[in-house]
Amino acid sequence: MSDPIVIAVDGPGGAGKGELTRRLAEALDFDLLDSGAIYRVLAYAVRKAGLALFDEDSVVQEAKLLNLSFECLDDGVHVLLGGEDVSSQIRTEEAGANASKVAAYPSVRQALLQRQREFLKEPGLVADGRDMGTVVFPKAQVKIFLDASAEVRAKRRCLQLESKGKTADFDTILKEIQERDDRDRNRPVAPLKAADDALVIDSSDMDIETVYKTALDYVKQKTGLKVE
Ligand code: C5P
């Protein structure tokens, strides 16, 4: 039997990876790994345990013990920490910033590496993150790097928050996005960057339908899979 197929989708926050990977996984009937959720839950667990995000030793201990699971419900994938649904708590801007702080520790990334690889099973996996194609699944059959300018991503995030009835200040969100990008791109281990063999899609001037079609065509071309 051939190996399960990995479709690695990397890129900065807000480029549209979440929706793209959900749609690809659904169309291909593959499992989905939202690796960002793991770092978000870890940061949440560290804070909940009263530990400091800057204390690498404590963070790595939490990473090793992290009791995390994903549950598929009608309204999407929920994230559980020790059985408690923490999906909404981990989706705030602060949770994203905290995730990028714990994700910068090499020891933490090492502690979570195998756990991420265990998500791979037949027929395949769509993996969403920053280092899926470079570190976690370097032999992925398909690698896509989904990018968009920081301004476009900030605008999309504002619209998303407003659609949920929340207030959003463009300049504050843009600053947060730029700070997180900076931390993710400049960390010494597994920095955010496109794999040499990735297809780079800049979604700044594309709608999600065009992004999806471009990605799906590429998946078909690379894997020979027949998908509608
Ligand atoms: O994708 P998401 O916004 O949920 O990721 C939150 C943070 O987790 C990112 O800003 C990044 O610092 C970290 N992350 C990572 N490696 C991944 C996925 C996420 O370092 N594979």
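Trainee: What does Arg185 count as, and at what relative accessibility?
Mentor: Arg185 counts as partly exposed, because its relative accessibility is 35%; buried means under 20% relative accessible area, exposed means over 50%, and partly exposed is in between, with a 1.4 Å probe and the protein chains only. This is a predicted model, in which local features need pLDDT of at least 70 and side-chain atom pairs count only at pLDDT 80 or more, while totals for chains, interfaces and linings use all residues. Residues are numbered from 1 along each chain as its sequence is written, and side-chain values use heavy atoms, with hydrogens and water left out.

Trainee: Where does Arg185 lie, and what is it in contact with?
Mentor: Arg185 lies in helix α8, where helices (H or I, at least four residues) and strands (E, at least two) are DSSP runs numbered from the N terminus. Leaving aside neighbours within four places in sequence, Arg185 is in contact, meaning heavy atoms within 4.5 Å, with Pro12, Asp147, Pro191 and Leu192. Arg185 and Asp131 are 54 residues apart in sequence, and their C-alpha atoms are 11 Å apart in space.

Trainee: And Asp181, what does it count as, and which side chain does it join in a polar contact?
Mentor: Asp181, which is also placed in helix α8, counts as buried because its relative accessibility is 8%. The side chains of Asp181 and Arg153 are joined by a polar contact of 2.6 Å. A polar contact is a pair of N or O atoms within 3.5 Å; within protein, one must be able to donate a hydrogen and the other to accept it, and residues adjacent in sequence count only if both atoms are side-chain atoms. With neighbours within four places in sequence left aside, Asp181 is in contact with Pro12 as well as Arg153.

Trainee: Changing topic, how many residues surround the ligand, and which are the closest?
Mentor: The ligand is surrounded by 17 residues, and the closest are Arg40, Arg109, Asp131, Arg180 and Asp184; a residue is included if one of its heavy atoms lies within 4 Å. Of the shell, 4 residues are nonpolar, 4 polar and 9 charged, where Ala, Val, Leu, Ile, Met, Phe, Trp, Tyr, Cys and Pro count as nonpolar, Asp, Glu, Lys and Arg as charged, and the others, Gly among them, as polar.

Trainee: Which helices supply that shell?
Mentor: At least two residues each come from α2 (35-48), α4 (93-102) and α8 (170-186), and the largest share, 4 residues, comes from α2.

Trainee: What distances do Ser35, Arg40 and Arg109 have to ligand atoms?
Mentor: An N or O atom in the side chain of Arg40 is 2.6 Å from an oxygen atom of the ligand, and a polar side-chain atom of Ser35 lies 2.9 Å from a nitrogen atom of the ligand. For Arg109, a polar side-chain atom lies 2.7 Å from a ligand oxygen atom. Taken alone the ligand exposes 450 Å², and the protein buries 96% of that, with accessible areas coming from the Shrake-Rupley method with a 1.4 Å probe; for residues, only the protein chains shown count as cover.

Trainee: How many residues are in the largest nonpolar core?
Mentor: The largest nonpolar core has 34 residues, and Val41, Leu42, Leu66, Val108 and Phe137 have the most contacts inside it. Such a core is a set of buried Ala, Val, Leu, Ile, Met, Phe, Trp, Tyr and Cys residues joined through side-chain atoms within 4.5 Å. Helix α2 gives the most to this core, with 8 residues. Apart from this core lies another, of 22 residues, including Phe30 and Ile201.

Trainee: And what about the backbone, which residues does the cis peptide bond join?
Mentor: The cis peptide bond joins Glu122 and Pro123, with omega about -5°, and Pro123 is found in the loop between α5 and β6. Asp29, although not a glycine, has a positive phi of about 60°, and Ala190, also not a glycine, has a positive phi of about 50°. Most residues other than glycine have a negative phi, and most peptide bonds are trans.

Trainee: Are Asp29 and Ala190 buried or exposed?
Mentor: Asp29 counts as exposed because its relative accessibility is 63%, whereas Ala190 counts as buried because its value is 9%. Asp29 is in the loop between α1 (17-28) and β2 (31-34), and Ala190 is in the loop between α8 and β8 (199-202).
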